[in-house]
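Come along and look things up with me, one entry at a time.

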Amino acid sequence: KIISGAAKIVKDAGWKIENVAVQLIGNKPKIGSRRQEAEKILSEAIGAPVSVGATTTDGLGLTGRGEGLAAIAHALISK
């Protein structure tokens with residue numbers, strides 16, 4: 001609901017979400033087997049194509065120590 005709500009705010013402001021890229025960051029992020037499922041669910045919630053990827057921080061910080069995960073998302077929007 002949060003993601004679709006955010007997308008609605010963007011659309012109601014007169015903008016169009018063209019696509020979204022999500023990067024998961026962790027010690028050993030393994031999303032390969034569920035990547036397509038995540039992309040489908042997020043795309044449906046946002047109403048635009050979503051790509052999901054993963055990376056590590058080479059042992060640095062809380063994500064590198066395995067204490068948590070982080071996610072960064074970027075959206076391309078247009079009027």
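How many of the 79 residues of the protein, in percent, count as buried? I looked this up and found that 20% count as buried, where buried means under 20% relative accessible area, exposed over 50% and partly exposed in between, with a 1.4 Å probe and protein chains only.

**Entry: ground rules.** I note that this is a predicted model, in which local features need pLDDT of at least 70, side-chain atom pairs count only at pLDDT 80 or more, and totals for chains, interfaces and linings use all residues. Residues are numbered from 1 along each chain as its sequence is written, and side-chain values use heavy atoms, with hydrogens and water left out.

**Entry: the overall plan.** I read 3 helices and 3 strands in the protein; helices (H or I, at least four residues) and strands (E, at least two) are DSSP runs, numbered from the N terminus. Along the sequence they follow the pattern α-β-α-β-α-β. The C-alpha trace spans about 40 × 25 × 20 Å along its principal axes. I also looked at contacts, meaning heavy atoms within 4.5 Å. Among those between residues at least 6 apart in sequence, 78% join residues at least 24 apart.

**Entry: the surface.** The protein exposes about 5600 Å², and carbon and sulfur atoms supply 59% of that; the areas come from the Shrake-Rupley method with a 1.4 Å probe, and for residues only the protein chains shown count as cover.

**Entry: helix α2.** I checked the length of α2, residues 35-46. At 1.5 Å a residue its 12 residues should span 16 Å, and its end C-alpha atoms are 16 Å apart, which agrees; the expected span is 1.5 Å times one less than the number of residues.

Which residues of α2 are buried? I found E39, S43 and I46. They cover an arc of only 75° around the axis, so they lie on the same side of α2; the arc is that of the directions from the helix axis to the C-beta atoms. A reminder to myself: an α-helix has 3.6 residues a turn, so residues three or four places apart point the same way.

The cover over these buried residues includes α1 (2-12), β1 (16-25) and β2 (50-55). On the face turned away from the buried side I see the exposed residues K40 and E44. Just after α2, G47 takes a positive phi of about 80°.

**Entry: S51.** I found S51 in strand β2, and it counts as partly exposed because its relative accessibility is 37%. S51 touches V20, A21, V22 and E39, leaving aside residues up to four places away in sequence. From S51 to K40 I count 11 residues in sequence and 9.1 Å in space, C-alpha to C-alpha.

**Entry: the loop between β2 and α3.** Both D58 and L60 have their place here. Is D58 buried or exposed? At 70% relative accessibility, D58 counts as exposed. D58 is not a glycine, yet it has a positive phi of about 55°. L60 counts as exposed too, at 61%.

**Entry: T63.** My last stop is T63 in helix α3 (residues 61-64). T63 counts as buried because its relative accessibility is 9%. Leaving out residues up to four places away in sequence, T63 touches I25, G26, N27, T57, G68, L69 and A70.
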